[in-house]
Amino acid sequence: MLDVDGVDRSFRLYVPIFVKPGKPAPLVIVLHGARGHSEQVERLFGFNAIADREELVVAYPQGLGSIWNDGREPGLRPSGKSTSADDVGFLLKLVDNLVTAGIADRARVYLAGESSGGFMAARMACESSDAFAAFAILIASVPKSYRTTCNPSRPVPVMTLNGTEDRLVPWEGYVPKGHARDGPLGLMSAREHAAFWAERNGCSSFDAMPLNDTDPGDASSIVRSDWSKCRPGGAVAFYEVSGGGHQSPSPRSRALDQIVGALLGPRNRDVEAAELVWDFFRRFKR
């Protein structure tokens with residue numbers, strides 16, 4: 001539990017038995033989506049198995065009211081709900097506490113989030129890029145307003161992942177009713193979002209490569225695009241999940257898969273999203 005401006009904030013912490021006291025380890029912070037919670041994302045995202053294998057520490061913070069103050073205007077949230085919680089301060093204090101305790105290596109702190117947690121990770125990349133070595137923004141985007149308000153203090157490695165059949169964070173972006181598509185209010189499309197980070201990082205070209213379609217029965221496939229010729233320290237990887245809904249890829253079967261699929265759209269089963277995230281993160285240090 002952490003006190004942030006007089007408010008108690010909670011988080012779950014997974015420390016594998018291989019991580020020894022006094023030897024700071026890489027730290028991955030994973031943010032849940034709206035209406036989610038820390039225990040749920042720990043159980044479903046699958047990062048603890050990677051932590052055991054790679055000797056990482058993983059933190060799962062809890063948003064107040066199960067949402068994040070993620071930089072979106074209320075009109076850009078499907079639920080319309082927003083919060084004034086100091087989530088930026090919470091995440092920075094969490095990092096500082098784990099570094100001071102000798103648990104986390106400050107040079108290898110990473111932030112990943114799904115859905116609302118992804119929007120929150122994007123906000124942190126804009127406002128607190130110096131605190132993290134790299135960011136992963138899954139099934140999320142950024143507001144169009146970030147074109148003028150998002151100014152990271154350094155080039156930042158960013159991975160993004162979006163499904164073409166996502167109904168909550170639409171592939172083609174979102175504009176509230178009554179606003180022009182080319183106006184300033186709305187969410188960027190998936191490709192605009194990836195290109196946004198490439199522009200911030202000064203990248204000039206990219207290559208696309210399809211991943212192995214290991215489960216043809218899921219009617220889904222993934223293409224990875226990597227930007228190159230970026231400013232020192234900058235990098236962008238973008239995963240296009242063709243046929244994927246508002247779910248991160250995973251080959252694992254889960255309870256209520258059919259019900260969740262009906263609500264959020266189909267899940268790609270070719271690869272584990274957490275493995276994609278760590279494969280990207282492991283390349284970077286601050």
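Predicted model: local features only at pLDDT ≥ 70, side-chain atom pairs only at ≥ 80, totals over all residues.
**First stop: the nonpolar cores**

Begin by selecting Leu27, Ile29, Leu111, Met124, Phe132, Phe135 and Trp197, which belong to the largest nonpolar core, a group of 51 residues, and which touch the most other members of that core. In soluble globular proteins, nonpolar side chains tend to be buried together. Now keep Phe135 highlighted and show what surrounds it: leaving aside residues up to four places away in sequence, Phe135 touches, among others, Leu111, Ala121, Met124, Val156, Pro157, Val158 and Met159, and its contacts also include Phe280 and Phe281. Apart from this core lies another one, made of 33 residues, including Val28, Ala133, Ala237 and Val271.

**Second stop: Val109**

Next select Val109, which you will find in strand S6. Is Val109 buried or exposed? With a relative accessibility of 0%, Val109 counts as buried.

**Third stop: the disulfides**

A disulfide is a covalent bond between the sulfur atoms of two cysteines. How many disulfides does the model contain? The count comes to 2, and when the bonded cysteines are numbered in sequence order, the pairing is 1-2, 3-4.

Select Cys126 and Cys150, whose sulfur atoms lie 2.1 Å apart in a disulfide. The angle about the S-S bond is -100 degrees, and the link of Cys126 and Cys150 is left-handed. Cys126 belongs to helix H4 (residues 116-127), whereas Cys150 sits in the loop between helix H5 (146-149) and strand S8 (157-163), so the bond ties together parts that are 24 residues apart in sequence. Both Cys126 and Cys150 are buried.

Then move to Cys203 and Cys230, which are joined by a disulfide with a distance of 2.0 Å from S to S. The link of Cys203 and Cys230 is right-handed, with 105 degrees about the S-S bond. This pair connects distant parts of the chain, 27 residues apart: Cys203 is in the loop between helix H6 (190-200) and strand S9 (205-210), and Cys230 is in the loop between strand S10 (221-228) and strand S11 (235-242). Why does Cys203 count as buried? Its relative accessibility is 14%, and buried means under 20%. Cys230, with a relative accessible area of 22%, is partly exposed.

**Fourth stop: the aromatic rings**

A pair of aromatic rings is described by the distance of the centres and the angle of the planes. The model has 9 aromatic pairs by count. To look at one of them, select Tyr110 and Phe281, which form a stacked pair, with 5.0 Å from centre to centre and 15 degrees between the planes. Tyr110 comes from strand S6 (residues 104-114) and Phe281 from helix H8 (residues 273-281), so this pair links distant parts of the chain, 171 residues apart. Tyr110 is buried at a relative accessible area of 1%, and Phe281 is buried as well, at 0% relative accessibility.

For another arrangement, turn to Phe196 and Trp197: their ring centres are 5.0 Å apart and their planes stand at 75 degrees, so the pair is edge-to-face. Phe196 counts as buried at 0% relative accessibility, and Trp197 is buried with a relative accessible area of 0%.

Now widen the selection to Tyr110, Trp278, Phe280, Phe281 and Phe284, which form one aromatic cluster.

**Last stop: two arginines**

Select Arg72 together with Phe119, and look at the charged end of Arg72, which sits over the ring of Phe119 at 3.8 Å from its centre.

Finally, select Arg224 in strand S10. The side chain of Arg224 makes a polar contact of 2.6 Å with the side chain of Tyr239. Not counting residues up to four places away in sequence, Arg224 also touches Asp207, Ala208, Met209, Leu211, Ala237, Phe238, Asp279 and Arg283, among others.

Conventions
Residues numbered from 1 in each chain as written. Heavy atoms only, no water. Core = buried A, V, L, I, M, F, W, Y, C linked by side-chain atoms within 4.5 Å. Buried < 20%, exposed > 50% of the residue type's maximum accessible area, 1.4 Å probe, protein only. Contact = heavy atoms within 4.5 Å. Disulfide = S-S within 2.5 Å. Helix = DSSP H or I, 4+ residues; strand = E, 2+ residues; numbered from the N terminus. Phe/Tyr/Trp six-rings, centres within 6.5 Å; stacked < 30°, edge-to-face > 60°. Lys NZ or Arg CZ within 6 Å of the ring centre and 35° of its normal. Polar contact = N/O pair within 3.5 Å; in protein donor to acceptor, adjacent residues only side chain to side chain.
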